[in-house]
Amino acid sequence: MSSGVGEPVLQLRNIVKMFGDFKAVDDINLAIEEGEFFTIVGPSGSGKTTMIRMLVGMDRPTAGDIILRGKRINDVPASKRPTCMVFQSLALFPHKTVGENIEFSLKIAGVERAARRLRAEELLAQLRLPPESYSKGVHQCSGGERQRVALARALAYEPDILFFDEPLSSLDFRLRKTLEKELKDIHRETKKTFVYITHSLEEAMVMSDRIGIMNAGKMVQVGTPAEIYDTPHNKFVGEFMGEVNTIEVERTGDKRVRSISDGAEYIVSFEPDGFVHGYLIIRPEIVKIGQAAEGLPNKIQGTVFNDYSLGSRVQYQVRSDSDQFQWLVERLQDEPYEGGLDDTVFIGWRSEDSILVSD
Amino acid sequence: MMKWLMQPGVRAAVPVMLLMLIGFIGPLLMVTGYSFMPPRTFSLLGTPTLANFISIVTDSYYISFFWSIGLAFTTVVILLVICYPVSYGMAKIFGPWANLVTIIIAVPLLISENIRLFGWVLFLLKNGIADGSLHYLFDVHLPSILYTVPAIVLGLVYVYLPFMLFPLVIGLAMVPDALKEAASDLGASRWQVFREVELPLAMPGIMIGSLLVFVLSLGSLAESKILGGQAVVMIADDIESAFTFAQNWPKGSMLALLLVISSGFLIFFLFKRIDLDRLIGRR
């Protein structure tokens with residue numbers, strides 16, 4: 001086989017998936033490297049589930065090639081692919097015990113009972129499950145235990161790539177956080193390639209080496225968590241990160257833009273090639289308010305009309321006097337803004353902190 | 001005691017409890033009582049005796065039992081084979097068309113079973129619809145199956161089809177597609193997915209359908225009488241003639257009791273072997 005050094009384990013070339021006239025996946029190209037934790041993030045309906053179903057072999061692409069270690073696998077069914085998925089519903093077999101679930105692929109492959117049991121016990125230990133859970137029924141397991149059983153069952157298959165279809169989405173916040181970290185640990189221990197899909201960019205940020213962001217069937221941006229955070233390619237990615245201030249702007253000169261709604265001019269420190277019209281994205285945490293905003297190149301006058309506690313931070317809502325735009329501003333809890341509600345204040349930001357994107 | 005009776009759940013159950021007492025438990029007890037009365041008597045107050053039991057086991061009634069159980073079993077097997085693919089389609093493939101199939105299968109239930117069976121007689125009769133059409137179109141006469149054992153099986157299969165189909169549809173609908181995909185993703189072939197995942201999870205529906213058809217066929221009378229002529233005598237036939245023609249209630253009662261006990265034993269044995277709770281995943 002032609003899996004030379006540096007060649008990606010999985011390559012997607014011009015993948016298209018049509019459902020009738022609807023293009024669920026629209027010309028996606030992607031290369032996933034050996035051993036990386038790659039996460040595909042997108043809102044519901046972005047095509048990420050269709051995508052993973054094709055990668056696992058449960059659906060066939062309408063056009064394009066899926067290449068695993070140099071071999072085209074479009075027409076290889078899921079049962080014959082050396083990859084495996086952890087389902088959103090986990091899809092544990094309810095009529096089998098934890099042990100029988102984990103051993104399923106080994107039983108199918110004709111591995112002897114004693115050897116199967118040995119491997120299952122190893123996996124139980126690796127996933128921090130007590131050995132006595134081997135003979136437990138799946139329904140007696142807690143949510144977290146079931147996640148681990150599903151992962152153990154997939155690992156028992158010894159897949160080249162392990163796929164995850166948002167398995168953590170139904171769990172409560174604390175358990176999800178714990179399992180996200182555990183999953184990352186297991187990735188490090190097993191050194192396998194993990195491909196994860198989720199609608200939560202936050203979840204993706206915690207776990208992934210690289211992230212691919214999907215919207216409306218297209219892969220909008222691929223990069224490390226830091227790249228995605230610092231330099232979103234467009235408005236969608238910028239806003240997908242969480243609450244941001246987005247202003248529609250047009251170019252007026254070198255590194256100068258003008259707001260469409262009130263004509264205010266702002267200075268930026270970077271503009272994309274050939275920029276004419278687009279959006280200025282300013283995160284709430286980099287907007288200064290009150291005394292802190294003094295002397296900044298980009299300034300707006302407005303009225304504070306709301307404040308919320310976000311735990312470690314406080315968020316203020318400021319209505320701009322010129323165009324009534326509602327700005328979000330955040331300060332750390334222990335250094336709040338000195339004024340009160342209904343005060344007229346200045347807010348502002350440094351030109352290098354804002355992000356300018358086309359479209 | 002009074003406190004127990006005042007609970008809303010108990011009070012709501014009173015009508016059905018009374019109905020079951022009068023309509024089900026009562027007759028069952030009476031049949032049991034008559035079974036041990038002297039032959040050809042009509043009183044429940046005679047001296048208990050095993051005369052009926054002895055006369056039945058020394059006579060050739062085992063043949064009727066054999067036919068009833070054999071035909072019921074055959075019907076179950078044939079219906080499983082016929083209904084499994086259709087129910088799979090209705091549960092997973094047909095989508096909105098499944099409702100149409102349901103209606104097509106359910107509508108004949110509005111017509112009396114006997115009338116439908118007489119319809120089959122007209123169809124299968126010599127010079128009837130099947131024979132006449134074949135003769136007219138191809139100039140052939142084929143021997144009719146009417147008044148033979150296959151005709152009885154045809155009748156049983158036809159009449160009890162819905163009782164197998166609908167439980168199977170529900171059973172198969174209860175198998176999540178993701179489980180089958182997961183099994184296949186873990187390397188299982190289609191056959192292995194069927195055996196390891198689909199069949200065990202659909203088992204409650206399969207069991208309930210088989211049980212219904214088995215019990216109903218075991219007690220069936222019309223099919224063997226109308227379509228079978230005198231080809232074979234099923235046990236329900238024997239029970240009927242004991243009560244009517246022979247005017248021997250105690251013997252009829254003993255036959256009925258033996259039928260209830262034997263089918264009850266078969267069912268108990270079956271359910272004992274297959275743990276429904278485990279199949280559904282409650283344990």
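Predicted model: local features only at pLDDT ≥ 70, side-chain atom pairs only at ≥ 80, totals over all residues.

Modeller: Residues are numbered from 1 along each chain as its sequence is written, and chains are lettered from A and ligands numbered from 1 in the order in which they are written.

Colleague: Why is A:K48 called buried?

Modeller: A residue is buried if 20 or more other C-beta atoms, placed from the backbone, lie within 10 Å of its own, exposed if 12 or fewer, and partly exposed in between. A:K48 has 27 C-beta neighbours inside 10 Å, and therefore counts as buried.

Colleague: Where does A:K48 sit, and what does A:K48 touch?

Modeller: A:K48 belongs to helix 1 (residues 48-56) of chain A, where a helix is a DSSP run of H or I with at least four residues, a strand is a run of E with at least two, and both are numbered from the N terminus. Leaving aside residues up to four places away in sequence, A:K48 touches A:I40, A:G42, A:I197 and A:M214, and contact requires C-beta atoms, placed from the backbone, within 7 Å.

Colleague: What makes strand 1 and strand 2 of chain A a pair?

Modeller: Strands pair if DSSP finds at least two bridges between them. Seven bridges join strand 1 (residues 10-19) to strand 2 of chain A, and the two run antiparallel; one of the bridges links A:L10 with A:I32.

Colleague: Why are strand 2 and strand 5 of chain A said to stand at the edges?

Modeller: The open sheet has four strands in the order 2-1-4-5 (chain A), with antiparallel pairing. Strand 2 (22-32) and strand 5 (71-72) each have a single partner strand, so one side of each is left without a neighbour in the sheet.

Colleague: How do you know where the domains of chain A lie?

Modeller: The bounds come from an automatic or database domain assignment, which gives domain 1 (10-234) and domain 2 (243-358). Their C-alpha centres lie 39 Å apart, and four residues of domain 1 of chain A are in contact with four residues of domain 2 of chain A.

Colleague: Which helix of chain B gives the most to the side that touches chain A?

Modeller: The contact takes 19 residues from chain B and 20 residues from chain A, and helix 9 of chain B gives the most to chain B's side, with six residues.

Note on methods
Contact = placed C-beta atoms within 7 Å.
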